[in-house]
Amino acid sequence: MRIACPHCGPRGVDEFSYLGDATLTRPASDAPEAAFADYVYFRDNPAGEHRELWQHASGCQSWLVVTRDTRTHAISQVEAARDVALARSKGAA
Amino acid sequence: MSTDRYSIFSVLREALRGHTGWKPAWRSPDPKPSYDVVIVGGGGHGLATAHYLAKTYGVRNVAVLEKGWIGGGNVGRNTTIVRSNYLLAGNIPFYEHSMKLWEGLEQDLNYNAMVSQRGVVNLFHSDGQRDAYVRRGTAMRMHGVDSELLDVAELKRILPMLDFDNARFPIKGALRQKRGGTVRHDAVAWGYARSADGFGVDIIQNCEVTGFRIEDGRIKGVETSRGFIGAGKVGLSTAGNSSRVAAMAGMRLPIESHVLQAFVSEGIKPFIDTVCTFGAGHFYISQSDKGGLVFGGDIDGYNSYAQRGNLPTVEDVCEGGMAVMPQIGRVRMLRSWGGIMDMSMDGSPIIDATPVQGLYLNAGWCYGGFKATPAAGDCFAHLIARDAPHPVAAAYRLDRFATGRLIDEKGVGAQPNLH
């Protein structure tokens, strides 16, 4: 598996470390406990397209949002996590 | 029982008859319109659940639905190791219950599962690791489980081939559980299937569950590729795919699916007569009765349903092996394969009722599901039959993630790829 880092180009997966589901949103600080339990522990875990956070740890160290099919490992999109977060906050504003 | 009893006499009789009298080990029935209990998933756990439901708890109107074939999933994809060398109070009694069931399994099933208590040796390489293993071994003995600390001299006698003076990972000793060992994995599936079938359980292969019928919060049955099957109670035992199956019942689980690879070498003469684990990396090895070295290491570390992994993990596992027993570098690798693990958020399993009445969940086995097979089956059967958790599995609750009663054996937090 190779991930095309937007800054460094295509690199082997061993240069990257994995965090998990990129679609989770941290609840507001006054949200009920159940919302935090849900955020910390519960996952959709789809068989198919999965948006997930990777860090190019042995490269430029930037965080990435990778869209990947969990049934085939085929990667369809790699974005800088910063861009995704900015787009999300603009959408919310 | 509809099956013949296996014995030295049946072997001799068949030898004289040219082996023409053996019957299939289990039937291939068409599904009935409804059952008291339907188990989804014909893996080791599902088949064991059916066996104990019928034999121990007297529930015999049971079907096991398997989307593929018996033995084609994770029960045929593991490294066959059994052990009960756990640390935490929520875990030790459960895995020891499993160990005891392994010890009596072949008599219980009348089936040769090749249970081999050849011992499990966990190497340590530093003072800190020695302390951790002393603590673990003591916890085990306090729960009545055997464990012993081995010094280097004793270890050299048992495993002379180890690279004791490795500059980076010198071997300082080991924790051993003598009662641990290996069990022939396929035979476990076949033995439980044959026994359950003998009690009248219907094992239905090539039957995929596609949905659940739930009315007023209560389970009524399952939709399958072979039509609707009514059920008083339904047990999910589909580790690897638990999230997908639970989603059909409207549930979201504290689980990620990850791929774990395992490997076998070409067959060689007797080399290692115990199970040995490397403590500085993640590598475990034993030798099969055919002579192949069976070994594995870490999961690949990303969500996957692909049943195959990537090369960096292969390299990492082999480097672990070379660091502890460099002579295996001369042996060629024969096969590698991948299985899909339910990686739970605290590294421990779930055996519990669900918010849907009559629907029960057995999931989250990470990569420790095989050794748990008998106890998971017994405890899940207990839960389904009596609507109360088995005492040794009482901590494996689904709501522990909300209440904070986690069982985090490794202490790494809610990061499934680190468990």
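This is a predicted model: local features need pLDDT of at least 70, side-chain atom pairs count only at pLDDT 80 or more; totals for chains, interfaces and linings use all residues.
Local features need pLDDT of at least 70 and side-chain atom pairs count only at pLDDT 80 or more, while totals for chains, interfaces and linings use all residues. Residues are numbered from 1 along each chain as its sequence is written, chains are lettered from A in the order in which they are written, and side-chain values use heavy atoms, with hydrogens and water left out.

**Exercise 1.** State the strand order of the open sheet in chain B, and find which strands stand at its edges.

Solution. Strands are DSSP runs (E, at least two residues), numbered from the N terminus, and two strands pair if DSSP finds at least two bridges between them.
- The order of the eight strands is β5-β6-β4-β13-β14-β15-β12-β16, with mixed pairing.
- β5 (148–150) and β16 (333–344) of chain B are the edge strands; each has a single partner strand, so one side of each lacks a neighbour in the sheet.
- Within the sheet, β14 (residues 283–287) and β15 (residues 292–303) of chain B are antiparallel over four bridges.
- Opposite Ser286(B) stands Val294(B) in β15(B).

**Exercise 2.** Decide whether Thr373(B) is buried or exposed, and list its contacts.

Solution. 
- Thr373(B) belongs to helix α10 (residues 373–386) of chain B; a helix is a DSSP run of H or I, at least four residues.
- Its relative accessible area is 1%. Buried means under 20%, exposed over 50%, partly exposed in between (1.4 Å probe, protein chains only). Thr373(B) is therefore buried.
- Beyond neighbours within four places in sequence, Thr373(B) contacts (heavy atoms within 4.5 Å) Gly44(B), His45(B), Ala48(B), Ser98(B), Trp102(B), Val188(B) and Tyr192(B).

**Exercise 3.** Classify the exposure of Leu12(B).

Solution. 
- Leu12(B) lies in helix α1 (residues 8–16) of chain B.
- With a relative accessible area of 49%, Leu12(B) is partly exposed.
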